[in-house]
Amino acid sequence: LAMFDGADWRVYDTRNSELPHDAVMSLATDHGNIWIGTGEGGLAKFDDTSWTIHDTTNSGLPDNAVTALAIDGNNVLVGTAESGLAEFDGTRWAVYDTTNSGLPRNSVWSLAGDDGYVWMGLGERGGLAKFDGTNWTRYNTSDCGLPGNHVIALAMDGSKRWIGTSNGLAKFDGSNWTVYNTSNSDLPHELVHAFAVDGIDVWIGKWNGLAKFDGSDWTVYDTENSSLPDNIVRSLAVDDDGIWIGTYRGGVASFDGTNWEVHNTSNSEMPHDEVLALAIDGSSIWIGTWGLVEFDGTNWTAYDQSNSPLPYNRIYTLAVDDNDIIWIGTYGGGLAELDGTHWTVYDTTNSGLPGDVIRSLAIDGNTKWIGTGGGLAEFDGSDWTVHNTSNSGLPDDLVFAVAVDGSENIWSGTWMGG
């Protein structure tokens, strides 16, 4: 188990803590506590100081393999691999299984709470179950619109329930079912492992086009049905007028929902048609290609090693901070900062940057997070801090993706460490 608060990493395992097993299968939080479901060690509660372990030897937990967790008021709901559902109110345990309740299968893979109801996604092709504290309702492919009886993921979105199965994605509003699969939507695979609902359009750049999902409808854009110039979409950016799409071989396109505009080497001052990075700065779009390009809707300005201090021509990632300064991650020349007039270059020879190949960037206030081949670098404008496998909980030094969430936590995607 690892926790990162934006400054420090803390790793908990069986060697340095009371975590009962190193395979962590599920997590939930309530009132300052974190509940940890493990693969073979039962359920742990950690309040940042003390650990409490519940397992089959010291509590009413029926199974030490905890596959799902959810919080329902003051109760902790525990889904197990083979022994049904357990409910714990802090003192008493209640266990529901196929022998004493309407639970159709003892393998509970996912849990979600919904206004007094508990929804359970069941393994062993058990479908979906709902429990209101007294009554059980079962849903499966034979009696409703559920597309698959092996339910892997659940999410609640107001009055809508989203159910991820081995045979597609379903939306259920309490009365009507809507199923999304590869034959009726742009869902790329029918096996849905996990998803999240944020209530806004989701744009997906893929190797075979561009997809938009608004929570109800999928729209797919490719070179055959639209003016998308290339089906390999490498980068996306959203501004007030629509979406910008950077492609592998077709330059950059803009789409306002109706009209497309395509800019490439044949009709603009774009120096190359491979676009790896995009960023929005007020009324300008910044384009990372073989060189850096700024386009304000009328005028093009191109920067490369021959006409500017840009340290390397291949631009891999871009970000804009709150002061409208553009940060440029290059694929071999380190990191560059451009404030509109002046350039500053940071590399392994003049700064604390741990690698000159910059694969990802994220801005968190005055702090820049830089993903490199030598770990994750943190730069506040003066001081550098490097997080890597030798000094932190970072699982791999090759950081391909960095993002900052609403709680100012830093999420890092690595090559082989997750």
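Glu-294 is found in strand S28; strands here, like helices, are DSSP runs numbered from the N terminus (helices H or I, at least four residues; strands E, at least two). The model is predicted, so local features need pLDDT of at least 70 and side-chain atom pairs count only at pLDDT 80 or more, while totals for chains, interfaces and linings use all residues. Residues are numbered from 1 along each chain as its sequence is written, and side-chain values use heavy atoms, with hydrogens and water left out.

Glu-294 is buried but has no salt bridge, and Lys-368, the nearest side chain of opposite charge, is 18 Å away. Buried means under 20% relative accessible area, exposed over 50%, and partly exposed in between (1.4 Å probe, protein chains only). For charge, Lys and Arg count as positive and Asp and Glu as negative, with His and the chain ends not counted. The side chain of Glu-294 does make a polar contact with the side chain of Ser-284, at 3.1 Å. Such a contact is a pair of N or O atoms within 3.5 Å; within protein, one must be able to donate a hydrogen and the other to accept it, and residues adjacent in sequence count only if both atoms are side-chain atoms. Beyond neighbours within four places in sequence, the residues in contact with Glu-294 (heavy atoms within 4.5 Å) include Trp-286, Trp-300 and Tyr-303.

Strand S28 (residues 291-295) is joined to S27 (residues 284-289) by five bridges, and the two run antiparallel. Gly-288 has Leu-292 as its bridge partner in S28. Both strands belong to an open antiparallel sheet of four strands, in the order S26-S27-S28-S29; two strands pair if DSSP finds at least two bridges between them. S26 (277-281) and S29 (300-303) are the edge strands, each pairing on one side only.

**Strands S23 to S25**

S24 (residues 252-255) pairs in the antiparallel sense with S23 (residues 242-247) over four bridges. Four bridges also join S24 to S25 (residues 260-263), again antiparallel. Phe-255 is the bridge partner of Ile-243, and Val-252 stands opposite His-263. From S24, Val-252 and Ser-254 point one way and Ala-253 and Phe-255 the other way, and all are buried. Each hairpin has four residues between its strands: in that of S23 and S24, Gly-251 takes a positive phi near 80°, and in that of S24 and S25, Gly-257 takes one near 100°.

Val-262, in strand S25, is partly exposed at 24% relative accessible area. Its C-alpha atom is separated by 7.1 Å from that of Pro-229, 33 residues apart along the chain.

**Salt bridges**

The count comes to five salt bridges, each a side-chain nitrogen of Lys or Arg within 4 Å of a carboxyl oxygen of Asp or Glu.

| Pair | Closest N and O atoms |
|---|---|
| Arg-92 and Asp-89 | 3.1 Å |
| Asp-230 and Arg-249 | 3.8 Å |
| Arg-314 and Glu-274 | 3.2 Å |

Arg-92 is exposed at 58% relative accessibility, and Asp-89 is partly exposed at 31%. Asp-230 is buried at 8%, whereas Arg-249 is exposed at 53%. Arg-314 lies in the loop between S29 and S30 (315-320) and Glu-274 in the loop between S25 and S26, so this pair ties together parts that are 40 residues apart in sequence. Arg-314 and Glu-274 are both buried. Together with Arg-234, these two residues are linked in a network of salt bridges.
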